[in-house]
Structures are given as C-alpha cells and as structure tokens.
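Trainee: I should like to learn how to read the features of a protein model. May we look at one together?
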Amino acid sequence: MIRLPDVPLPGDALASLADYQRDVDAQPDYTARVARAKDRFAALNKKGNRTFDSVKATLSMMNSGARRCAYCEDSAADEVEHIRPKTLYPELVFAWTNYLYACGPCNGPKNNHFAVFAEGTGVLTSVARARNAPVVPPISGKAVFIDPRVEDPTEYLSLDLTDTFWFTPRAKLGPVEHARADYTIRVLQLNIRDWLPQARRSAYLDYLAHLKGYVRDKAEGLPRAHLDRLAEDIRARQHPTVWFEMKRQHASMPELTLLFAKAPEALTW
Ligand SMILES: [Zn+2]
C-alpha cells in the first residue's frame, strides 16, 4: 500500500455528493441515518449515475498500473470502498475523502471492520458492529486503520523482499504506530491471502528484470527515448510498493546495490 496521489473530483460531482449527504444527515436519528446511508448508496452507486461514474473515473486515476486495487495492488479495482465504513459513519457515506477504489476480495473481508484508540484511555477498541447488536454510534477516538488517502503507509509498513514477501510493521515504530501497522495488515489480510505474497514475489522479479534491461540498454548506449520508455514501464506497473521497497532497501541487497549504482536515476522513479 502506498499513499494515493491526490486527484481532484470535478466540482459538479462534489456538489452532487454533498446533496446526497445532506439527505442522509437530515434523517431524525442515528439509526435512521445508518439505514438511509445504506439504501441511498446502494441506489446511487450504479453504472450510469453521472456522479458515481465521475467518482470511479477519478478514483481509478489514483490507482497504480491497470487500475490495480489501492489496498492489495494486485486485482483490478471495481468497488467504491468506504475507508470509514458507512454502517458506522453514515455522516461520511458520500464524503469524497472517505473513498478509494478497491477490489472485491479486499472490500469483502474489510467489511465494517474499524477500530479506534478510545478517547481518554487510548485502548485499541474495535467498533465493528456485531450482527443484531444495537445500532448506536461508535465510541470516539483516533482511527487505527491507516488511511492511504491522507497518510503514507510506507512509513508504517515494511515488506520482506528476501524471503516471505510479507508486510510487517516497520522496525523502531512507537507502540501506537506499531499497533496501527499490525491492525491494517490483519484487517486487509495482506499476508494470509497466500496469492498476494506470491504476486509480490513475481512483481519483484519483474521489476528486477526491467531494471537489468534498463542498465544493459543504457550501457550499450541506446537512445534516451528508448530508456525513458523503459523507465515509464517501471513506473506504470502494479505493486508499486514492491518497487518502493526495492529503492528503500537497495543498500542492504547486493544485487540491487549494484544495479542502482549503474542507474542511480532509477532511485527517483
Ligand atoms: Zn485488493
């Protein structure tokens, strides 16, 4: 997961979302707002709705490669995901900043999972609502889940490039940051869906092959336009976190140290 670039939503779509939100907010109480949020989102988030067509087109510009999911970076994104679940936070059901484009296999398990560091005590508390539990607002507190719209997940997470291709909390994080990284990895099932570490390993080998090709063609003196095209290929691939980690960890990996020494410009891609 990387921080998503900020792409502005066109003004008419923003105004339309604000209208939809006012209707939800105008409901008489929290329970009614939750029900209204669910119904209205299901009714409006459809192909042919101009606002949501615009939302999806804009969100897809934030995703890597061929519209890869903002969470797993692997499957094609095809669902508008609420970072803060709409069943808990109906006041954000039509909030542009609460959206990202994700794939079904990520959106499914995340579902209405959310946790906060409870105000006052700081205790990490799940606020997901159990089936048949009373519909009451979640307790307040700072979010545990890392929000890639406004935060840089790579400050919290590290990827093992030498063996498992699992995400882990970065070394030397404070307890709060460590808990946030751990929670985000678990909720999104970034390691236990075993095809994801495999896909990251394949992406690593692809990036490596591309970088080797670039270094070889550069040494042979091929034209700048050709080299620029190879660089662009690397920038447009899926699993951008793998590439980010190759740059971050290159000094401790002899093969990467050598390649980046021959093409230091690649550290800026
Ligand atoms: Zn995904």
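Trainee: In which helix is the place of Phe-52?

Mentor: Please bear in mind that this model is predicted. Phe-52 belongs to helix H3, which comprises residues 50–62.

Trainee: Is Phe-52 buried or exposed?

Mentor: A residue counts as buried when its relative accessible area is under 20%. Phe-52 has a relative accessible area of 0%, so it is buried. Leaving aside neighbours within four places in sequence, its contacts are Leu-17, Tyr-20, Phe-41, Leu-44, Asn-45, Phe-94 and Tyr-99.

Trainee: In what sense do S1 and S2 pair, and over how many bridges?

Mentor: Strands of a sheet pair through backbone hydrogen bonds, either parallel or antiparallel. Strand S1 (residues 79–82) pairs with S2 in the antiparallel sense, over four bridges. Opposite Tyr-99 in S2 stands His-82.

Trainee: In what order do the strands of the open sheet lie?

Mentor: The three strands of the open sheet follow the order S4-S3-S5, with antiparallel pairing. Strand S4 (124–126) and strand S5 (141–143) each have a single partner strand and stand at the edges, so one side of each lacks a neighbour in the sheet. From one strand to the next, the twist averages 40°. Helix H5 (residues 175–187) packs on this sheet and touches S3, S4 and S5. The direction of H5 makes about 160° with that of S3.

Trainee: Over how many bridges do S3 and S4 pair?

Mentor: Strand S3 (residues 115–118) and S4 are joined over three bridges in the antiparallel sense. Within this pairing, Ala-115 has Ser-126 in S4 as its bridge partner.

Trainee: Let us turn to the metal. Which residues are the protein donors of the zinc ion?

Mentor: The donors are the SG atoms of Cys-69, Cys-72, Cys-103 and Cys-106, at 2.3 to 2.4 Å from the zinc ion. Their spacing in sequence is C-x2-C-x30-C-x2-C. Cys-69 and Cys-72 are both buried.

Trainee: Why is the arrangement around the zinc ion tetrahedral?

Mentor: Ideal angles at a metal are 109.5 degrees for four tetrahedral donors. Here the four donor atoms subtend angles of 107 to 113°, which makes the arrangement tetrahedral.

Trainee: With which residues is Ser-75 in contact?

Mentor: Beyond its neighbours within four places in sequence, Ser-75 is in contact with Arg-67, Arg-68, Cys-69 and Cys-103. Ser-75 is found in the loop between H3 and S1, and is partly exposed, with a relative accessible area of 22%. Ser-75 and Ala-102 are 27 residues apart in sequence and 8.4 Å apart in space, C-alpha to C-alpha. For Phe-52 and Thr-168, the corresponding values are 116 residues and 35 Å.

Trainee: What span should helix H6 have?

Mentor: At 1.5 Å a residue, the 25 residues of H6 (residues 195–219) should span 36 Å, and the end C-alpha atoms are 36 Å apart, which agrees. Just after H6, Gly-221 has a positive phi of about 75°.

Trainee: Finally, how many residues of helix H8 are buried?

Mentor: Eight of the 10 residues of H8 (residues 240–249) are buried, so the helix is mostly covered. Among the buried residues are Trp-243 and Met-246. Their cover includes strands S6 (157–159) and S7 (167–169), as well as H6, helix H7 (224–235) and helix H9 (254–262).

Terms used
Residues numbered from 1 in each chain as written. Predicted model: local features only at pLDDT ≥ 70, side-chain atom pairs only at ≥ 80, totals over all residues. Heavy atoms only, no water. Donors = N, O, S within 2.8 Å, 3.2 Å for Na, K, Ca; no water. Tetrahedral: all angles 85-135°; square planar, octahedral: opposite > 155°, others 65-115°. Buried < 20%, exposed > 50% of the residue type's maximum accessible area, 1.4 Å probe, protein only. Pairing = 2+ DSSP bridges. Helix = DSSP H or I, 4+ residues; strand = E, 2+ residues; numbered from the N terminus. Axes fitted to C-alpha atoms, helices over the stretch in contact; angles between N-to-C directions. Contact = heavy atoms within 4.5 Å. Expected span 1.5 Å × (residues − 1).
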